[in-house]
Amino acid sequence: MMMPLRKQLLLNSKSCSSFQAIASYMRRSRPFSTTTDGDDSAIDAGSSIRKPVSLWPGMYHSPVTNALWEARSNIFDKPGVEGIGVEQSELVARTPAQSRTSILYKFSSDFKLREQYRNPWNGIRIGKLLEDLDALAGTIAYKHCCNEDGTTRPLLLVTASVDKMVLKKPIRVDIDLNIVGAVVWVGNSSMEIQLQVTQSMDMDDSNVALEANFTFVARHSKTGKSAPVNQIKPETEKEKLLWETAHKRNKMRRNRRGQHKIDAAAGDKDKDASRLNALLAEGRVFCDLPALADRDSILIRDTCLRNSFICQPQQRNIHGRIFGGFLMRRAFELAFSTTYAFAGVAPHFLEVDHVDFVRPVDVGNFLRLKSCVLYTELENPAEPLINVEVVAHVTQPELRSSEVSNKFYFTFSVHPEAVKDGVRIRNVVPDTEEEALRVIERMDAENSQIAAS
């Protein structure tokens with residue numbers, strides 16, 4: 001016999017009273033967790049105590065992001081602008097150490113936490129990790145813009161872009177994992193947050209499994225115009241070096257955007273005519289003489305997968321818009337599925353290319369994700385590379401409109417054991433000019449990044 005709902009709520013409220021007392025103490029004593037190397041004050045990813053639902057901007061379903069909401073929750077307890085804090089009278093210079101925050105995943109001892117992040121092959125769910133990286137970067141951005149008492153000016157802080165992320169070492173789901181990050185560079189209204197993922201308490205660069213650089217921009221909550229943010233004051237030699245590196249990255253990003261506009265205006269299609277024809281030659285065989293087509297090749301259109309969903313309130317940030325990390329996770333999971341179906345064996349993740357968040361996504365938007373294997377690189381038979389494109393469209397049926405919100409580019413491979421067992425990765429070819437141009441654009445982008453590095 002089922003217990004009445006009212007009685008269930010009463011029992012739950014009694015059992016949670018001690019936890020609420022702990023949460024209240026945590027909010028008074030440590031609104032954010034600041035760590036330096038060797039410090040033990042990292043946020044425990046499995047120990048978050050949830051605030052009342054009425055005070056949460058969105059029940060973001062991840063143990064780590066629950067902990068981050070708890071760390072941010074002091075903002076909601078302060079007087080001033082609803083949900084955001086009081087106006088800051090003047091900008092101040094803050095050190096990277098003041099925004100440094102870490103998250104500790106106790107995978108070795110916390111079974112429930114480990115189950116949240118375990119994939120079907122007993123590896124880590126990279127998509128959830130990408131989601132958490134964005135959430136942590138957002139927390140660090142807010143922390144940098146806060147007053148000393150924990151309140152912040154009425155700013156909208158949004159993810160503008162994410163630099164290319166390369167998996168340097170395999171990440172296991174049975175070993176404790178740590179993510180630490182801080183603001184490393186600040187412009188007028190933008191800031192770069194660097195995050196490092198390690199599975200060792202030693203923060204030596206050789207132990208970094210994944211490094212991510214997020215750029216956040218500040219907008220005034222009422223006018224929507226660019227808003228200045230606290231400047232940064234690097235102190236140690238390492239912090240100064242990180243500032244210089246981030247400053248160069250920012251200049252390169254601006255130069256790339258400018259060059260892209262010049263190339264678009266010049267119309268480089270004529271220069272790529274020969275490459276275009278070479279790419280389309282095999283695709284024409286598939287269309288005109290399918291019986292004679294190469295059995296080791298496949299058309300791009302035959303690798304496509306799609307999914308669609310309505311963006312729900314549970315996926316929103318404190319500004320009511322959808323988390324960039326949620327979009328990255330959904331895009332990654334679709335890209336993984338696309339690669340799995342294409343290769344016939346579970347792939348392993350290598351990297352995600354630079355991501356620009358072109359258009360914000362709001363609660364209630366109809367989001368359509370389209371993925372395809374754009375091209376493969378088969379020069380090294382032991383480690384074939386599979387490049388997957390995911391395009392996110394924000395569709396509004398009432399207005400009969402559809403706009404691109406994001407484009408994601410992931411690179412996967414298959415394990416050498418699978419290749420030894422006879423798994424063969426096919427060549428992927430375009431059969432339309434539009435597809436061929438997308439392939440050329442991505443190849444050129446990859447080559448320019450390799451040259452710049």
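Me: In strand 3, which residue does Ile-43 stand opposite?
Reply: Ile-43 stands opposite Ile-103 in strand 3. Strands here are DSSP runs of E with at least two residues, and helices are runs of H or I with at least four residues, both numbered from the N terminus. The model is a predicted one, in which local features need pLDDT of at least 70, side-chain atom pairs count only at pLDDT 80 or more, and totals for chains, interfaces and linings use all residues. Residues are numbered from 1 along each chain as its sequence is written, and side-chain values use heavy atoms, with hydrogens and water left out.

Me: How many bridges join strand 1 to strand 3?
Reply: Two bridges join strand 1 to strand 3 (residues 101-105), and the two strands run parallel. Two strands count as paired if DSSP finds at least two bridges between them.

Me: What packs on that sheet?
Reply: Helix 6 (residues 126-145) packs on the sheet and touches strand 3, strand 4 (155-162), strand 6 (177-186), strand 7 (190-198) and strand 8 (208-220). Contact means heavy atoms within 4.5 Å. The direction of helix 6 makes about 135 degrees with that of strand 7; axes are lines fitted to C-alpha atoms, for helices over the stretch in contact, and angles run from 0 to 180 degrees between N-to-C directions.

Me: And in what order do the seven strands lie?
Reply: The order is 1-3-6-7-8-4-13, in an open sheet with mixed pairing. Strand 1 (43-44) and strand 13 (355-356) are the edge strands, each pairing on one side only.

Me: Changing topic: what is the order in the sheet of six strands?
Reply: That open sheet has the order 5-12-16-15-14-11, with antiparallel pairing. Strand 5 (165-166) and strand 11 (305-310) each have a single partner strand, so one side of each is left without a neighbour in the sheet.

Me: Which residues face each other there?
Reply: Met-165 has Val-352 in strand 12 as its bridge partner. Glu-351 stands opposite Thr-411 in strand 16, and Ala-392 stands opposite Asn-406 in strand 16.

Me: Which residue has a positive phi in the hairpin of strand 15 and strand 16?
Reply: Arg-400 does, with phi near 55 degrees; the hairpin has four residues between the strands. Strand 15 (residues 385-396) and strand 16 pair over eleven bridges.

Me: Last one: which residues touch the most other members of the largest nonpolar core?
Reply: Tyr-105, Leu-133, Met-191, Leu-195 and Phe-410 do, in a core of 81 residues. Such a core is a set of buried Ala, Val, Leu, Ile, Met, Phe, Trp, Tyr and Cys residues joined through side-chain atoms within 4.5 Å, where buried means under 20% relative accessible area (1.4 Å probe, protein chains only).

Terms used. Buried means under 20% relative accessible area, exposed over 50%, partly exposed in between (1.4 Å probe, protein chains only).
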